[in-house]
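Dear colleague,

Please find below the structure that I am handing over to you. My findings follow directly after it.

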Amino acid sequence: MPDLDPATTALLTVECQNGVVGEESALPELAKEARDSGMLARVAALVDAARPAGVQVVHAVAERRPDGRGANANARLFRAAGKLPVRQLSGSRAVEIATPIVVAEQDLVVRRLHGLSPMSGTDLDALLRNLGVRTLVVTGVSSNIAIPNTVFDAVNLGYRVVVPADAIAGVPASCTAEVIRNSLVLVASVVTTDELLEQWAAAAAS
């Protein structure tokens, strides 16, 4: 477990929003895996532990304008998303952070209208650098696409990346273990939620 300096560390939740992992998800299989595996509860625990430890919390949300302007249409995934019964429309309940994760006043929420990663084409990189963040803890969904994209983008931008293996999810469930074992472990420090909670509890108490 790497020793993380809270002053230069941020916790990022990726697409932990109602329309993705909530009860009215556009992707019910992914939402079920996120909840049944305990991933969503572990992300909530990390969020709650990060703040008193002095770790900045950032929530990355994927959304679309109702008219679709600016959204990608250059891949099957994007075209399919536009036909789903639940759409991630700006200002709707679908793009609100899902329970049991709580958004606090000091948290940052970064929204994107295009692409596969919150690190690309948003203010996220600039905000993190302005805060002096050098280490990014990445959580959320999905281990199929958004999580690896986020990790690779962050590494390419010079961040040290930490991934709590039990605080990300994808479908099928086996995909997460495969992505971690064959890809993420090569570029990020892979840890557990409990290891982070223990370290942040000590930081909060000091």
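A helix here is a DSSP run of H or I with at least four residues, and helices are numbered from the N terminus. Please note that the model is predicted.

Under that definition, phenylalanine 152 lies in helix α6, which spans residues 146–156. Its relative accessible area is 33%; because buried means under 20% and exposed means over 50%, phenylalanine 152 counts as partly exposed.

Phe152 also belongs to a nonpolar patch on the surface, together with Val185, Leu186, Val187 and Val190. The accessible area of these residues together is about 400 Å². Helix α7 (residues 173–187) supplies the largest share of the patch, namely three residues.

Helix α6 also contains alanine 154. With a relative accessible area of 0%, alanine 154 is buried. Between alanine 154 and valine 138 there are 9.6 Å in space, taken from C-alpha to C-alpha, and the two are 16 residues apart in sequence.

A further point concerns helix packing. Two packed helices are described by the distance between their axes and the angle between those axes. For helix α3 (residues 39–53) and helix α8 (residues 193–205), the axes come within 8 Å and cross at roughly 20 degrees. Helix α3 is therefore roughly parallel to α8, since angles under 35 degrees count as such. The crossing in which α3 passes α8 is left-handed.

With kind regards

Technical notes. Residues numbered from 1 in each chain as written. Predicted model: local features only at pLDDT ≥ 70, side-chain atom pairs only at ≥ 80, totals over all residues. Heavy atoms only, no water. Patch = residues over 30% accessible without salt bridge, like charges linked within 9 Å, V, L, I, M, F, W, Y side chains within 5 Å. Areas by Shrake-Rupley, 256 points an atom, 1.4 Å probe, with all protein chains shown as cover. Salt bridge = Lys/Arg side-chain N within 4 Å of Asp/Glu carboxyl O. Helix = DSSP H or I, 4+ residues; strand = E, 2+ residues; numbered from the N terminus. Buried < 20%, exposed > 50% of the residue type's maximum accessible area, 1.4 Å probe, protein only. Axes fitted to C-alpha atoms, helices over the stretch in contact; angles between N-to-C directions. Parallel < 35°, antiparallel > 145°, perpendicular 65-115°, else oblique. Left-handed = near helix turned anticlockwise from the far one by under 90°.
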